[in-house]
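Here are a few notes to read alongside the model. Have a look at it first, then work through the points.

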Amino acid sequence: MSIILDHINYVYSKGTSDEIKALDDVSMEIRTGDFLGLIGHTGSGKSTLVQHLDGLLKATSGHIYYNGEDIYDDDYDMKGLRGKVGLVFQYPEHQLFEEDVFKDVCFGPRNLGMSEKDIELAAYSALKAVKLPDELFYVSPFHLSGGQKRRVAIAGVLAMKPEVLVLDEPTAGLDPEGRDEILDMVKGLHDEDNITVVLVSHSMEDVANYADHIVVMEKGRVHMDGTPKEIFSQTEELERIGLAAPRVTYMMYELKRRGFDVDTTATTISEAVNSVIGAVWNA
Amino acid sequence: MYIKRVMAIVETKDLSFDYIRRDDEGNVSSVNRALNDVDLSVEKGEFIAILGGNGSGKSTLAKHINAILYPTEGYVLVDGENTSDETKTLSIRQKAGMIFQNPDNQIIGSIVEEDVGFGPENIGMPTKEIWERVEEALKILGMWEYRKHSPMRLSGGQKQRVAIAGVVAMHPKCIIMDEPTAMLDPVGRKDVIRAARALNDVEQVTVILITHYMEEVVYADRVFVMEHGNIRMTGTPREIFSRVEELEELRLNVPQATRLAYELKKRGLSELPDGILTEKELVAELCRLYSTI
């Protein structure tokens with residue numbers, strides 16, 4: 001069970017002088033249960049790519065298979081796909097519009113044609129899943145804080161009970177605590193509710209902390225595809241394309257150079273702490 | 001007797017601000033105090049960082065310095081001019097330029113150099129001087145070679161530097177940056193912060209940087225930490241980042257190197273000093289204390 005992208009090309013403004021090839025022969029697989037980190041500098045094609053996953057953009061050429069079925073087949077249930085692949089855009093709170101939080105979260109499942117009772121159940125469990133306090137369910141979304149609004153927007157997508165949750169920079173503009181809250185919540189959805197997650201991020205630290213599979217985009221192409229340790233060991237190549245390794249990884253290289261027996265594949269604070277402590281005690 | 005005093009570029013006294021919401025009839029339905037008795041003083045040439053959780057009042061404070069919002073109580077002086085005095089609004093906006101989160105909302109020209117020249121042109125500057133200022137600003141920001149490009153084809157970091165060049169072309173004394181790197185990739189972030197530091201170091205422009213990225217604060221002269229419209233902590237980055245638990249209570253964090261040092265200390269490397277700010281410092285301390293070579 002997976003999403004397979006097979007030689008996907010996408011051209012913006014095709015046939016005009018502004019023609020831009022945004023995706024160039026992209027082939028990749030998102031396996032069920034993945035926590036995929038999608039990274040690349042601005043303009044590398046990440047957002048264009050994720051908009052293909054729920055059929056919002058249609059590839060200029062190539063095929064996408066969702067659990068083995070070609071989503072571009074004439075008789076494919078595209079509306080059903082939109083319920084299975086939930087896409088949370090950048091700054092999703094800009095799209096809140098209803099008079100209260102609960103109504104806003106009901107909008108998605110209502111569009112899928114669920115019964116009124118199922119809609120309300122889905123909205124309720126989605127708001128619970130994003131850990132929004134009950135007393136905020138019936139206030140105007142515009143009275144919430146930035147982090148709360150974003151959680152409501154994510155709940156609106158979760159209420160459609162997606163199998164795959166795609167988040168395009170879900171933590172941009174949030175304070176550090178708000179960033180951790182959102183990402184811990186997403187991790188909970190992945191670990192406990194078995195939702196496949198695709199996280200687009202500019203924070204190498206966040207990707208290192210949460211993802212188990214990383215795809216690096218560059219100029220519309222899949223440039224690297226591997227585990228966090230495989231990807232973040234290639235620091236020079238990452239820098240060449242406008243990215244970086246997590247900050248602790250650089251520190252481990254420097255400590256190694258200075259004679260400490262540390263693990264240079266450490267990408268998170270806790271891995272670095274364990275490795276440095278071990279190196280100091282064994283010295 | 002004439003007493004000469006070093007004048008602050010930005011000074012606020014008892015500054016309070018209420019967001020007032022009104023119903024359809026125009027009656028006040030709610031009052032939300034966003035700033036509460038804020039006193040601060042920023043000297044010319046300082047690099048100031050403002051930290052605080054979402055909703056702590058950082059952006060509301062920033063908008064007061066640029067005369068976008070006016071105090072409900074108290075006052076704000078920018079280079080000695082009161083922002084509540086409408087005759088001074090234009091002068092204040094020239095002295096204190098503002099940069100926002102999203103570069104796409106700040107760029108209007110279809111060619112980089114035209115975008116940067118928009119501000120000077122708007123205040124009726126002679127053409128020759130406009131072009132001199134555009135050239136100067138683009139060179140300071142390292143964007144001169146892109147002057148003939150369309151801003152739409154630039155990366156996020158490059159767009160943000162064009163937006164900053166547009167402010168620099170107005171020869172401001174102070175630039176307020178409200179989360180200028182929130183939407184940028186790692187290299188774009190580094191370039192924008194480097195540009196801000198260069199403006200401060202080389203051009204002596206006062207910089208007030210609002211950010212959620214703790215690493216960007218490390219080089220500031222002073223840090224203000226806000227919560228619920230109040231300034232809760234003031235100090236150098238080293239002083240502020242020594243107080244890890246207090247910062248966490250305020251929904252904040254510390255730089256990665258500070259965090260790593262803090263965790264190592266808890267795990268028994270107790271000789272490590274507090275307030276380590278950079279990876280370089282931490283490596284140097286570990287070598288000094290524990291290296292066997």
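Predicted model: local features only at pLDDT ≥ 70, side-chain atom pairs only at ≥ 80, totals over all residues.

1. A quick word on terms: helices (H or I, at least four residues) and strands (E, at least two) are DSSP runs, numbered from the N terminus.

2. Residues are numbered from 1 along each chain as its sequence is written, while chains are lettered from A and ligands numbered from 1 in the order in which they are written.

3. Back to helix 4 of chain A, residues 116-129. Its 14 residues reach 20 Å from first C-alpha to last, close to the 20 Å expected at 1.5 Å a residue (1.5 Å times one less than the number of residues).

4. Which residues of helix 4 of chain A are buried? They are Ile119(A), Ala122(A), Ala123(A), Ala126(A) and Leu127(A); buried means 20 or more other C-beta atoms within 10 Å of the residue's own, with C-beta atoms placed from the backbone. Seen down the axis of helix 4 of chain A, they fall within an arc of 130°, so they line one face (the arc is that of the directions from the helix axis to the C-beta atoms).

5. Over in chain B, four strands make an open antiparallel sheet, ordered 2-1-4-5; strands pair if DSSP finds at least two bridges between them. Strand 2 (28-43) and strand 5 (81-82) of chain B are the edges, each pairing on one side only.

Note on methods: Buried ≥ 20, exposed ≤ 12 C-beta atoms within 10 Å, placed from the backbone.
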